[in-house]
Amino acid sequence: MMTMSKSSRIPVPAPPGVPAPTTASKKRRRLPRNASLIIGLVLTTIFLAVALVSIFYLPSNPNIPVIRNRLLPAGTPGHWLGTDVLGRDIIAQLMVGARTSILVGAGGATFSLILGTIAGLAAAASGKMTDEAISRGADIMLSIPGMVTALVLAATMGSGALTTILALTAFFTPSFTRVIRSAAIGVLNEDFITAAKLYGRGKIFVLARHVLPNIAGVMIVQFTLYFAAGILTEAGLSYLGVGVHRPSISWGMMLNEAQQQVGVSSPLAIWPGLAIVLMVLGLNLLGDGLRDVLDPKLARRAS
Amino acid sequence: MAIYALRKLAFFLGAVFIASVAIFLLIRGAGGNVAAVVLGKSATPEAINALAHAYGLDRPLPVQYFEWVRGMLSGDLGRSFRTNESVADLVTARLSVSIPLALSGLILGLIIAIPVGTYAARNVGTPSGALLALVSQIGVAVPVFWAGILLSLLFGVRLGWLPTGGWTDWSDSVWGAIRSLVLPVLSLGLIMAAVLIRYVRSAVLDVMNQDYLRTARAAGMTRTEALLKVGLRNASLPLVTIVGLQIAELIGGTVIIETVFSLPGLSRMILANVAAREVIVVQSTVMLIIIFVIGVNLIVDLLYGILDPRVRSTR
């Protein structure tokens with residue numbers, strides 16, 4: 001897209017004798033992929049901006065009931081998406097919900113990225129025994145249904161944003177470990193690693209200086225995709241009542257509250273769901289687009 | 001094959017053991033006097049001690065763990081503190097809701113995903129292929145409970161064709177039970193389909209680039225014939241694995257959908273007992289689910305070993 005806009009601003013005549021069709025067809029084939037990157041980036045940026053704004057400014061307090069304002073329809077001045085059954089502004093709640101989604105989703109993805117990278121690198125670079133132990137451990141954790149574990153975790157630790165982040169970390173770390181391990185093994189088999197080792201570089205140095213930068217693309221892509229998965233899971237847990245609680249607000253919690261009076265005002269059940277879909281869609285598109293740019297090998301396999 | 005099977009079996013046993021320790025520690029290690037919580041504030045210390053003693057809660061944790069495992073192995077899953085019902089009976093009663101729900105959801109997902117995914121793979125780069133990719137991309141982003149809420153709004157509230165929630169038991173009316181399962185199964189199946197379409201598509205795409213497909217075409221089959229007779233059989237191998245991996249996802253979806261439609265299934269029982277601190281009911285039920293999931297994966301691995309000799313040697 002960047003190259004496209006550049007070429008549209010500065011028209012460069014094609015040099016004579018150079019076959020233009022090949023580059024043109026190449027560009028056309030890459031276009032849908034780039035489109036997913038741009039749509040993903042736009043959606044993600046919008047939600048990040050909304051979450052950021054919600055820290056400084058909210059149209060009204062999303063937690064204080066105002067009974068005379070209950071169930072205002074969308075389009076009411078001051079409450080453009082209406083209010084819920086307790087008269088709380090929908091837009092304000094959606095804004096705080098964006099903050100919760102991003103905090104919990106990114107939190108879970110970050111912790112599991114860190115733990116998964118450490119475990120994955122350890123598995124890839126250590127001996128067969130360590131590798132086997134870490135890999136089998138990850139397999140076992142993957143075969144435990146996450147939703148059920150999260151319920152138990154919420155029951156024993158008390159539910160809240162921190163517990164949800166912890167639950168997400170427990171689900172995602174084994175997947176990260178596997179991906180990082182196989183990516184790192186791929187890099188460790190390259191010739192320049194042998195060269196570095198022959199030069200006398202230590203294991204940690206090789207991992208930090210040579211392996212990490214080469215798997216950074218994989219890490220970024222995976223982070224984006226699990227960020228999205230984390231938002232979906234958080235919404236589900238909050239819907240079940242074992243995620244975050246007021247004064248925190250989650251889109252999943254809003255849907256739970258809306259469902260209690262679905263017959264009364266169904267639009268209330270629309271907005272939070274739409275927010276979840278757009279945010280998750282945005283991150284997934286961004287992840288797919290980034291994969292195409294950062295990790296062409298994986299992209300070819302995935303498509 | 002025998003060595004491969006033994007190794008998989010050893011993994012199964014190891015996984016079940018580790019999971020059981022983890023679940024036990026997670027539920028019991030949280031601290032607090034379980035008996036006191038169960039009996040409530042008005043209970044006398046004597047009553048609390050009596051309950052703790054009756055259920056063995058006053059013994060050291062390792063002893064309790066081994067007692068629990070011994071009970072599980074001999075088919076005794078323990079009893080509820082409050083009602084003294086056996087966990088086995090509680091679970092069995094709920095399975096008549098959860099199993100039809102989860103199974104039909106998975107089957108519906110596959111029925112949609114296999115033809116649609118195959119079609120999407122055959123039409124890569126065309127507008128209809130791109131549209132399908134977009135639809136499944138959106139479908140993956142839809143939370144299963146929102147799909148449930150929207151379907152119940154449309155078919156339950158707006159059109160009034162089906163119940164918005166609740167359960168009619170099989171013994172009261174088979175038709176009523178089916179009616180109360182239609183929307184939950186539809187929500188679960190549609191979301192499963194969105195996830196599965198992407199896997200089917202890439203599995204079929206992989207197969208389409210293989211030499212044997214070209215051979216089949218060279219032998220005189222049409223493109224469709226070759227894909228259906230040769231391709232689909234080969235694409236079904238990775239599909240078996242994916243279904244195994246999706247089991248955990250399926251159970252997660254079932255947990256939520258049972259809540260959306262107020263179905264008295266297994267997961268709602270877990271939720272209620274978690275709130276009531278019925279630790280024995282929770283730990284035994286959760287353990288059963290985990291054994292089921294790991295067991296399905298064991299079967300998938302063994303099937304894979306039988307279907308494709310190559311995996312036996314590489315792993």
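At what angle do the axes of α7(B) and helix α8 (residues 174-208) of chain B cross, and within what distance do they come? In this predicted model, the two axes come within 9 Å and cross at roughly 135°. Axes here are lines fitted to C-alpha atoms, for helices over the stretch in contact, and angles run from 0 to 180 degrees between N-to-C directions. Helices (H or I, at least four residues) and strands (E, at least two) are DSSP runs, numbered from the N terminus.

Local features need pLDDT of at least 70 and side-chain atom pairs count only at pLDDT 80 or more, whereas totals for chains, interfaces and linings use all residues. Residues are numbered from 1 along each chain as its sequence is written, and chains are lettered from A and ligands numbered from 1 in the order in which they are written.

**Helix pairs in chain B**

Two packed helices are described by the angle between their axes and the distance between the axes. Two pairs are set out below.

| Helix pair | Angle | Axis distance |
|---|---|---|
| α7(B) and α8(B) | roughly 135° | within 9 Å |
| α5(B) and α12(B) | about 55° | 10 Å |

Angles under 35 degrees count as roughly parallel, over 145 as roughly antiparallel, 65 to 115 as roughly perpendicular and the rest as oblique. Helices α7(B) and α8(B) are therefore oblique to each other, and α5(B), which spans residues 87-122, is oblique to α12(B). A crossing is left-handed if the near helix is turned anticlockwise from the far one by less than a right angle, and right-handed if clockwise. The crossing of α7(B) and α8(B) is right-handed, and that of α5(B) and α12(B) is right-handed.

Two residues are in contact if their C-beta atoms, placed from the backbone, lie within 7 Å. From α7(B), the contact with α8(B) includes B:V144, B:A147 and B:F155, and from α8(B) it includes B:L183, B:P184 and B:I191. Ala, Val, Leu, Ile, Met, Phe, Trp, Tyr, Cys and Pro count as nonpolar, Asp, Glu, Lys and Arg as charged, and the others, Gly among them, as polar. By these classes, the α7(B)–α8(B) contact has 10 nonpolar, four polar and no charged residues. In the other pair, B:V87, B:L90 and B:V91 of α5(B) meet B:I280, B:V281, B:S284, B:T285 and B:L288 of α12(B). That contact comprises six nonpolar, two polar and no charged residues.

**Residue B:L298**

Helix α12 of chain B also holds B:L298. A residue is buried if 20 or more other C-beta atoms lie within 10 Å of its own, exposed if 12 or fewer, and partly exposed in between; B:L298 is buried, with 20 such atoms. Its C-alpha atom is separated by 7.2 Å from that of B:L9, 289 residues apart along the chain. Not counting residues up to four places away in sequence, B:L298 touches B:K8 and B:F12.

**Contact between the chains**

The contact takes 36 residues from chain B and 34 residues from chain A. On the chain B side, α12(B) provides the largest share, seven residues. The residues of that side divide into 31 nonpolar, five polar and no charged.

**Chain A**

Chain A has 11 helices and zero strands. Of its 303 residues, 46% are buried.
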